[in-house]
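Please look over the sequence and the model shown here before reading the notes on selected local features.

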Amino acid sequence: MGNEALARLAEERVDHRFKGLPPDADGLTVGELAAQRRNLFTDGFTTPVLALSAERLEHNLALMETYADRHGLAFAPHGKTSMAPRLFQRQIERGAWGITFAVPHQVRVARAFGFGRIFLANELVDASALRWIAGELADPEFRLVCYVDSVSGVRLMDAALRDAGAGRPLDVVVELAAGEGARTGVRTDEECAAVADAVAATDTLRLVGVAGYEGEVPRADPERVRAWLRRLVALAAGFDEAGRFAGLDEIVVSAGGSAWFDAVADVFAEIPALSVPVLKLLRSGAYVSHDDGHYRRLTPFNRVPGEGALEPAFRLWTQVVSRPSPGQAFANAGKRDAAYDLDLPVAQVVRRDGVERPATGITVTALSDQHAWLETTGEADLEVGDWLGMGLSHPCTAFDKWQLIPLAEADGTVVDYIRTFF
């Protein structure tokens, strides 16, 4: 199913739905356009256009595969970052156990493309979605692991799954909150036990482990994050000692965003022997494209440089459309095109007449809907018509603005197109 569905992506016709693609490509299939190996800069692409580096993408995929293997971690990268089935497949090919998602629609996308192992890092209480999940559970090859974080949530899940006639239990993990005032999750050990008891009282749910997100630890620093992770491990050990995991083949212990996965690796290495093997499941997602801002600053590889380094793979190519004064210019990309929720884009390179040079003296100071405001100093050599390549911050809000993203080699040759489903 998955290979056929993925293959059909190449049969989609290119048209006005897809920003930045060459107008003369209308009517071609994505596969036909990819086979032409057009150049991003000289073969009809229009600005703005977001490109993903083929070489850097491959580097990032390989690096995290190696990292997970080295630290004995299973890997379920968060798919909400890209919502791109072709990238999910690349991640699976690079050793991922499965893919993580946050909401039912994202799970539906993954199932439409045949992905069989999914971790849903959220409590699911929507009755319509649970009825659909009950139907998916009829596939014996499908495994879904879902958060639970309240007795009331467990009751809602149980009622919906019973009404839908689910043929087998849905695997769940108790979500431990990262602290008082943090996002979701159970706050106390007593409440964790109550949620686990509620699960045990149903026939529709099966408790398989514990999980949480250390990125929500208040005033996070290495000491606080590790302390919370040890609490998560202790919760798993306590549940196991109490017999809550009887009959399982493995116990799931899961954490890991993109800012503290080194702490996750360190603490998960300390997990004691439990009654059955532990699936130590890491869920970092932003690594696939990395970025030029938020995650460049926060990546754990800054703390453990001996383990390697991720490379920012996105570049948003814009064009200078106005140069009203020596100190100001405007490019034709704005909030509809660029991530801006964590940092503004960063001017990186200027391209003119096939020659690329650093964007010296050029700073992005604001975004309108369709314009980037540029402040320029005397060092800036910038003219109307120049192409300006910008780095972006926060992959999750870069992918979601583009439905079909050229995958380009370093010389600009576009070798593939990445389809997203947001």
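## Basis

This is a predicted model, in which local features need pLDDT of at least 70 and side-chain atom pairs count only at pLDDT 80 or more, while totals for chains, interfaces and linings use all residues. Residues are numbered from 1 along each chain as its sequence is written, and side-chain values use heavy atoms, with hydrogens and water left out.

## Asn 39

Asn 39 lies in the loop between α2 (30-35) and β1 (49-53), where helices (H or I, at least four residues) and strands (E, at least two) are DSSP runs numbered from the N terminus. Asn 39 counts as buried because its relative accessibility is 15% (buried means under 20% relative accessible area, exposed over 50%, partly exposed in between, with a 1.4 Å probe and protein chains only).

The side chain of Asn 39 reaches the backbone nitrogen of Phe 41 at 2.8 Å, and a polar atom of that side chain lies 3.3 Å from the backbone nitrogen of Thr 42. Leaving aside residues up to four places away in sequence, Asn 39 touches Phe 45, Asp 411, Gly 412 and Thr 413 (contact means heavy atoms within 4.5 Å).

## Helix α7

In α7, the buried residues are Gly 153, Val 154, Met 157, Asp 158, Ala 160 and Leu 161, and they pack against elements including β4 (117-123), α6 (127-136) and β5 (143-148). Just after α7, Gly 165 takes a positive phi of about 70°.

## Strand β11

Strand β10 (residues 314-325) and strand β11 (residues 328-331) pair in the antiparallel sense over three bridges (pairing requires at least two DSSP bridges between two strands), and a hairpin joins them through two residues. Ser 322 has Phe 330 in β11 as its bridge partner.

β11 also pairs in the antiparallel sense with strand β15 (residues 372-376), over four bridges, and there Gln 328 stands opposite Glu 375 in β15.

Terms used: A polar contact is a pair of N or O atoms within 3.5 Å; within protein, one must be able to donate a hydrogen and the other to accept it, and residues adjacent in sequence count only if both atoms are side-chain atoms.
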